[in-house]
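Trainee: Hi, I have a new model open and could use a hand reading it. Shall we go through it together?

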Amino acid sequence: PRQMDLEKEKWETQKAEQEQLFAKQKEQLDVQRLQQQEERMRQETLLKRMQDERQEFIAEQGRLEQSMKEEKLKLEQQKLEQQKQREENEQKKHQIEQERQQWNLEEQERRDAIQK
């Protein structure tokens, strides 16, 4: 009985530590997502301002068509970079979820072993 109490206490400590780790990782991902969203909004605002100014200048110079092509390429590049970042975040999220599921499975096996 004493050994089982020690095992249970050890298991509960490990579980609490793991939950803390998962919470910290989730918080880090949430913060990272928020920072990316803020940066994306800042970039979009900046890009919008740049586009407006550039369009006025190019319209005055008679080169509006060329400018629109350049801006479209910039937007496509930015979309690709943002998509890449989203995919990396999804991979990290998936990896954390897999690790959590594996830990839960091992935790259940430990519980089962303790009960035997």
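Mentor: Happy to. Let's start with a term we will need: a residue is buried under 20% relative accessible area, exposed over 50%, and partly exposed in between. Keep in mind that this is a predicted model.

Trainee: Okay, let me try that on E109. Where is E109 found, and is it buried, exposed or partly exposed?

Mentor: E109 is found in helix α2.

Trainee: How far apart are E109 and E27 in space?

Mentor: Going C-alpha to C-alpha, E109 and E27 are 28 Å apart, and in sequence they are 82 residues apart.

Trainee: Let me zoom out. How many helices and strands are there in the protein?

Mentor: The protein has 2 helices and 0 strands. Helix α1 covers residues 2-61 and helix α2 covers residues 64-115.

Trainee: And what does the C-alpha trace span along its principal axes?

Mentor: About 85 × 15 × 10 Å. The radius of gyration tells you something too: the protein has 26 Å, whereas a compact globule of 116 residues would have a value near 13 Å.

Trainee: What percentage of the residues is buried, then?

Mentor: Buried residues make up 14% of the 116. The accessible surface comes to about 9,800 Å², and carbon and sulfur atoms account for 50% of that.

Trainee: What about contacts along the chain? How many join residues at least 24 apart?

Mentor: Taking contacts between residues at least 6 apart in sequence, 77% join residues at least 24 apart.

Trainee: Are F22 and W103 buried or exposed?

Mentor: Both of them are buried.

Trainee: Staying with helix α1, why does Q25 count as buried?

Mentor: Q25 has its place in helix α1. Its relative accessibility is 19%, and the limit for buried is under 20%, so Q25 counts as buried.

Trainee: Which residues does Q25 touch, leaving out those up to four places away in sequence?

Mentor: Q25 touches I96 and E99.

Trainee: Now E12. Where is it, and how does its accessibility come out?

Mentor: E12 is in helix α1, and at 39% relative accessibility E12 counts as partly exposed. E12 and E107 are 95 residues apart in sequence, with their C-alpha atoms 9.9 Å apart in space.

Trainee: And E9, is that one buried or exposed?

Mentor: E9 is in helix α1 as well, and its 52% relative accessibility makes E9 count as exposed. The C-alpha atoms of E9 and K72 are separated by 60 Å, and these residues are 63 apart along the chain.

Trainee: Last one from me: how many positive and negative side chains does the protein have?

Mentor: There are 25 positive and 29 negative side chains, and the centres of the two sets lie 1 Å apart.

Notes: Residues are numbered from 1 along each chain as its sequence is written. This is a predicted model: local features need pLDDT of at least 70, side-chain atom pairs count only at pLDDT 80 or more; totals for chains, interfaces and linings use all residues. Side-chain values use heavy atoms; hydrogens and water are left out. Helices (H or I, at least four residues) and strands (E, at least two) are DSSP runs, numbered from the N terminus. The radius of gyration is taken over C-alpha atoms; the globule rule is 2.2 Å times the number of residues to the power 0.38. Buried means under 20% relative accessible area, exposed over 50%, partly exposed in between (1.4 Å probe, protein chains only). Contact means heavy atoms within 4.5 Å. Accessible areas come from the Shrake-Rupley method with a 1.4 Å probe; for residues, only the protein chains shown count as cover. Lys and Arg count as positive and Asp and Glu as negative; His and the chain ends are not counted. The place of a charge is taken as NZ of Lys, CZ of Arg, CG of Asp or CD of Glu.
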